[in-house]
Amino acid sequence: MLMKSCTPSSVLLVCLGNICRSPTAEEVFRQQAAIAGLSIKVDSAGTGDWHIGHKPDERAQRHAKAHGYKINKLIARQVNNDDFRNFDLILAMDAQNLADLQAIKDSLTDTTAKLALFSEEDPTYGGDDVPDPYQGDGEDFENVIERIESSAQAWIESWKAC
Ligand code: 4NP
């Protein structure tokens, strides 16, 4: 497959728990990249360790499924130093996730991964957090999907354009 030179070969989506936002983003990104004909390795992780080994939150699974995204097989893991060597682009769901990732990156000498906020390229939600829905309700989970679809599409459009 012919790849535009600016398209990363691998993208890691990161939130706090890796059970709500980033597994949803992983599957949205994977589907959108496939539709766009881009061959990109996609994975997700959390900055925290509470949910290592867990499936996505039941609410996240349900809302994702209603939009055509099957995330029930994904298993949470914590971001690690090797991720900063193995992924071209690491995208943080919110500003706190980004600060936590930056601190890890700053502690490493041999990383080439680019870090950015997930919403960075989004004309609608650019610069915003994807708000943590964990303590929220169904509307918050719907809002997460809306923002994730929009911001993932914006990255993919940016790569198709270069
Ligand atoms: P996520 O949501 O970061 O979107 O996966 C959360 C899941 C769990 C927790 C916080 C946020 N927690 O505190 O356990």
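**Helix packing and ligand surroundings**

Helix α2 crosses α5 in a right-handed manner (right-handed if the near helix is turned clockwise from the far one by less than a right angle, left-handed if anticlockwise). Helices here are DSSP runs of H or I with at least four residues, numbered from the N terminus. The model is predicted: local features need pLDDT of at least 70, side-chain atom pairs count only at pLDDT 80 or more, and totals for chains, interfaces and linings use all residues. Residues are numbered from 1 along each chain as its sequence is written, and side-chain values use heavy atoms, with hydrogens and water left out.

Helix α2 spans residues 58-66. Its axis comes within 10 Å of that of α5, at a crossing angle of roughly 55 degrees. Axes are lines fitted to C-alpha atoms over the stretch in contact, and angles run from 0 to 180 degrees between N-to-C directions. On α2, the contact (heavy atoms within 4.5 Å) is made by Arg59, Ala60, His63 and Ala64. Gly138, Phe141, Glu142 and Ile145 contribute from α5. These residues divide into four nonpolar, two polar and two charged. Ala, Val, Leu, Ile, Met, Phe, Trp, Tyr, Cys and Pro count as nonpolar, Asp, Glu, Lys and Arg as charged, and the others, Gly among them, as polar.

Helix α1 (residues 21-36) also packs with α5 (residues 138-160). The angle is about 40 degrees, and the axes lie 9 Å apart. This makes α1 oblique to α5. The crossing is right-handed. Contact residues include Arg21, Val28 and Phe29 of α1 and Ile148, Trp155 and Trp159 of α5. The contact comprises 12 nonpolar, three polar and three charged residues.

Arg21 also belongs to the ligand surroundings, along with Cys15, Leu16, Gly17, Asn18, Ile19, Cys20, His51, Asp132 and Tyr134 (a heavy atom within 4 Å). Polar contacts are pairs of N or O atoms within 3.5 Å. A polar side-chain atom of Arg21 is 2.8 Å from a ligand oxygen. For an N or O atom in the His51 side chain, the distance to a ligand oxygen is 2.8 Å. A polar backbone atom of Ile19 lies 3.0 Å from an oxygen atom of the ligand.

Key. Helix = DSSP H or I, 4+ residues; strand = E, 2+ residues; numbered from the N terminus. Parallel < 35°, antiparallel > 145°, perpendicular 65-115°, else oblique. Polar contact = N/O pair within 3.5 Å; in protein donor to acceptor, adjacent residues only side chain to side chain.
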